[in-house]
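Here is a short briefing on a model with more than one topic to cover. Look over the sequence and the structure first, then read the points below.

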Amino acid sequence: MAENIIIELKNVSKHFDQTYAVDNFNLYVKKGEFITFLGPSGCGKTTTLRMIAGFELPTEGQILLNGEDITLLPPYKRPVNTVFQKYALFPHLDVYNNVAFGLKLKRVPEGSKMRRLTTKEIDKKVKNALKIVDLEEYETRDISTLSGGQQQRIAIARAIVNEPEILLLDEPLGALDLKMRKDMQLELKEMHKKLGITFIYVTHDQEEALTLSDTVVVMKDGMIQQIGTPEDIYNEPKNAFVANFIGESNIYSGTVTGDKKVRFINHTFDCVDEFPKNEKVDVVIRPEDVHITKEGEGMASGKIVSKIFKGIHYEYIMMVGRNELVIVDTRNLEVNKTYGFDIEPDGIHIMKKELTANIYNDAYIDKNNRVVISESAFECDITSLVPGSTLDEDGYVLGPDGVRYDFTDADVIATIGLDKIEILDDDEAGIVRGEIVSIIYKGDHYQLTIRTGEDEDFVLDTEYTYDENDLVGLSVKAEDIKLTLKGEAKKYAKK
Amino acid sequence: MSKNKFSLSDFLCKFYVYILLFVMYAPILLLIVYSFTDTKIIGKWGGFSLHLYKALFRDKEIMQAFANTFLVAVSSAVVSTILGTLGAIGIFYSGKRSKAFLEGLSNIPVMNAEIVTALSLTILFVFCGITFNFTTLLIGHVVLTIPFVVLSVRPKLMQMDPNIYEAALDLGATPSKALREVIVPEILPGVFSGFILSITLSLDDYIITAFTRDTAFQTLSTYVYGVTSKKGTLPPSLRALTTVITLIALVILIIVNIKSSKEKEK
C-alpha cells in the first residue's frame, strides 16, 4: 500500500502573521485518485493546494511526493501542474504557444544527457492535448477571442500536456455558468479516467465535490473536518458543520434517552448509533429520509406550512411543534394540512455535540473587577470566585472568614452558555463586536458563530435570522458568566 | 426658451476652450512663424528666410549642446526604464503592507520639488567627494525619471492577471525566465511609455542638470539659460531651435498615439 501513495502531507501548517490558514493537515493521496478539498471560502483549501504546487511554503510539516521530501522544492522543479481559477493563460501567446509553453522548457533524458524536445515532438503532444480538450482547430487563435469555457479547456490542455504526476485544479469551473459547469464536470471525470493522473481538486461547491471525487476532504478554519468517500460524507457526517455544508439537512439538538433511542423535536425515535444515556447530541436527518404518511399514522405528525416545486420532487416544510422539518417527496400534498411521518432508524444520524458552552481559557480579571475575554471587558459577578463572599466598599472581595482578596490580573476560565449571549443588531451597542462566520439551523433556532477582531469565537443560539458576514454586537449579563479561578484563591489574599 | 439658453451656454463652453488653447499655443506659434524670418526681434517681419536655421546648424556650440541633451536623455531613459520596471514588478509582487509603503515611497519624488532633489544630490556628491561629471549628471536624471517609469508600468501590472507568473513557474520556467517570457511582454506598453516619458522629462530638465553637471558640459537648457542671462535677450537662432524641438516632441507624440491606438484595436 505504501508504494501506492503518491503524495503525503504530514502535520502541515501554514500561518500568515498570527492566523492559521492551515492547521496540522495530515493526508495521503493514492496514485490515480480523484480527491477534492471542499469547504467554505477561507477554510484553507486553496492554501493547501498552493503548498502542494510549491507557491507557498508550509510553516511547519512536510510534503512527500513518492516518498521524497519536496517541502522546499520550488514550483518549477515539481512534477505537478496547476489549472488556475481564472485560467492564468498568457495573453500575448496564441493557443498553440500557450499549450507548448511547458514543453519548450522541458528537458528529457537521452542516454546520460538531458535534451530539449524537438519541434516535432512538441507539435505532436500539443495537438494531442488540444484533441483531448476538443479544441483541435484553435491552434492559431488569440486567447482573448476565446470564450470562458474554451479558455478553461486551454488551461487544462496546457497543464496535462506536460504529463504531470498530479494535476491540481483550483476551483477551475468557478467562472463558468451552470450548464457549462455540468458539462465540464463530466468531461473532467472522463479525462481523469482516460489519463490516469492523480487529480487534486479544490471547490466550495458540495455538489461538484460529490459528483467528481473518489475521496472528499471537508475543511473548515484550516482544519480537516472529515475525509471519506462522497457516500460516507453525505450519509455519515461527522459533525453538524459537515452535515450542514453537504446537502440539505435537518439538524436538531437531542438527548439520548436509552439504548438506541434518541429524543428530539419532542418525540422519541429509534436510531442505530449507540451513545451513553442522557448524552446531549446533534441529530441530522436528510430531507429524503422522512416519509410522509396519512394523518394519525406514523411516529409523529406535523402541519405542512410550505411547498416548493423543484422539478423531480416537492420540498415541504412541516412544523412539528415549534420545530421546522424539511422533507422532500414526489407526491403532491396539501399545504396547511396535518400529516404523519416516519423516520427509519438508519435515517437518523447522531453526532456528539461539539459545543455545549463557550469556554475561554485565557480570560483574566481587570482592576475594575470585570472579566476580559478577547480584549473586551465584561461585567461579571466576581464574588462567585470565593463562596459566600461579598464585595467591600473598596471593590475587594471580602471572604466569609474576613479575608480580603484582590483579583486584579487573576487568570480565570470563563464559561458562557450558548443561550446566555445576547445578540444586538447595532454592532457598536454590545460589549464586543464581531462578524457572523457560520449559521446552522437547528429546527427551531439558529446556532451562530461570531468571530471577533481578535479571532475569538462566540457561539450562541438565537431564534432570529441573520446573514453570514453580518456585523453584530454581543453582550452577556454579569450573572451568566461562570468564572473558575486558575490556581488557588489564597494567592490573591491581601495581607 | 430653454433651448436658447442651452445653446448660449454651449457656445460659452466652446469659446472658453478655444481661448484656453489659443493662450497655450500662441507663444509657440509665434516663435515658429518668426523662425522663418531674419529679424532681430519678434514683431517685425523681414520676409521669409531660412537664415536662422542655417545659422542654427552652423553654430557648433548649439549643436554640441543638442547632441549632449539627447545623449543624456537616451542613456538616462534606458537606465531608469530598466531599473524602474524591475522596481515596479518588485513592488507589485511584494506583501500587502510593504507594497503600500513602497508605493508611497516611490511617489514622493514625483510630488517633491525638483530643487530639493537637485540640492540633496549635490550635497551627496560633495559629501562623497565625487567631482561632477557625466556620471553624476546621468545619476541625477535617472533619479528624476525613475518614479515616472514606476508610475507608468504599475497600471499595466494591475491589469495583468497576477497568476500568470505562478503559471509560468508551474510549467517549469525559472523565476527569471518567467519574468522575461511572461511578465515583460505583458507590461511592454507601459515600459515603452515610461521610456518616452523619461526622455521628454530629461530633455527639458534644467534644475537637476544645472546642479549635477560638469560646468563645461552644456545641454540645451543650460545653454539657453546661459546666453539669455548673459545677453539679456533671446538670440534669434533660438527661435529656430525651439521650432525643431517642438517638431521632435510632435513626432514622439504621434508615435505614441499611433502605438496606443493600435493596442486598443487589439
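**Helix packing and chain contact**

The axes of α7(B) and α8(B) approach within 9 Å and cross at roughly 125°. That angle makes α7(B) oblique to α8(B). The model is predicted.

**α7 against α8 in chain B**

- The crossing of α7(B) and α8(B) is right-handed.
- From α7(B), the residues in this contact are Ile164(B), Tyr165(B), Ala168(B) and Leu169(B).
- They meet Pro175(B), Ala178(B), Glu181(B), Val182(B) and Ile183(B) in α8(B).
- By class, the contact of α7(B) with α8(B) has eight nonpolar residues, no polar ones and one charged.

**α6 against α8 in chain B**

- Helix α6(B) covers residues 134-159.
- The axes of α6(B) and α8(B) come within 8 Å and cross at roughly 155°.
- That makes α6(B) roughly antiparallel to α8(B), because an angle over 145 degrees counts as such.
- This crossing, too, is described by its hand: α6(B) and α8(B) cross in the right-handed sense.
- On the α6(B) side, the contact includes His141(B), Phe148(B), Val153(B), Lys156(B) and Leu157(B).
- On the α8(B) side, the residues include Glu186(B), Ile187(B), Gly190(B), Leu197(B) and Leu201(B).
- The contact of α6(B) with α8(B) divides into 11 nonpolar, eight polar and two charged residues.

**Glu186(B), a residue of α8**

- Glu186(B) sits in helix α8 of chain B.
- Is Glu186(B) buried or partly exposed? Glu186(B) counts as partly exposed, because 19 C-beta neighbours lie inside 10 Å and a buried residue needs 20 or more.
- Glu186(B) touches Pro91(A) and His92(A) in chain A, and Lys156(B) and Met160(B) in chain B, leaving aside residues up to four places away in sequence.
- Leu157(B) is 29 residues away from Glu186(B) along the chain, yet their C-alpha atoms are separated by 7.9 Å.

**Where chain B touches chain A**

- The contact involves 14 residues from chain B and 17 residues from chain A.
- On the chain B side, α7 (163-170) and α8 (175-203) each supply at least two residues.
- Which helix gives the largest share of that side? It is α7(B), with six residues.
- By class, the chain B side has seven nonpolar, three polar and four charged residues.

**A sheet in chain A**

- Five strands of chain A form an open sheet in the order β25-β24-β23-β29-β35, with antiparallel pairing.
- The edge strands are β25 (376-379) and β35 (481-485) of chain A, and each pairs on one side only.
- On average, neighbouring strands of this sheet are turned by 40° against each other, direction ignored.
- β29(A), residues 411-417, pairs with β35(A) in the antiparallel sense over five bridges.
- Ile416(A) stands opposite Ile481(A), a residue of β35(A).

**Chain A overall**

- Chain A has eight helices and 35 strands.
- Of the 495 residues in chain A, 36% are buried.
- Along the principal axes, the C-alpha atoms of chain A fill a box of roughly 95 × 70 × 45 Å.
- Counting contacts in chain A between residues at least 6 apart in sequence, 65% join residues at least 24 apart.

Technical notes. Residues are numbered from 1 along each chain as its sequence is written. Chains are lettered from A and ligands numbered from 1 in the order in which they are written. This is a predicted model: local features need pLDDT of at least 70, side-chain atom pairs count only at pLDDT 80 or more; totals for chains, interfaces and linings use all residues. Two residues are in contact if their C-beta atoms, placed from the backbone, lie within 7 Å. Helices (H or I, at least four residues) and strands (E, at least two) are DSSP runs, numbered from the N terminus. Ala, Val, Leu, Ile, Met, Phe, Trp, Tyr, Cys and Pro count as nonpolar, Asp, Glu, Lys and Arg as charged, and the others, Gly among them, as polar. Axes are lines fitted to C-alpha atoms, for helices over the stretch in contact, and angles run from 0 to 180 degrees between N-to-C directions. Angles under 35 degrees count as roughly parallel, over 145 as roughly antiparallel, 65 to 115 as roughly perpendicular and the rest as oblique. A crossing is left-handed if the near helix is turned anticlockwise from the far one by less than a right angle, and right-handed if clockwise. Two strands pair if DSSP finds at least two bridges between them. A residue is buried if 20 or more other C-beta atoms lie within 10 Å of its own, exposed if 12 or fewer, and partly exposed in between; C-beta atoms are placed from the backbone.
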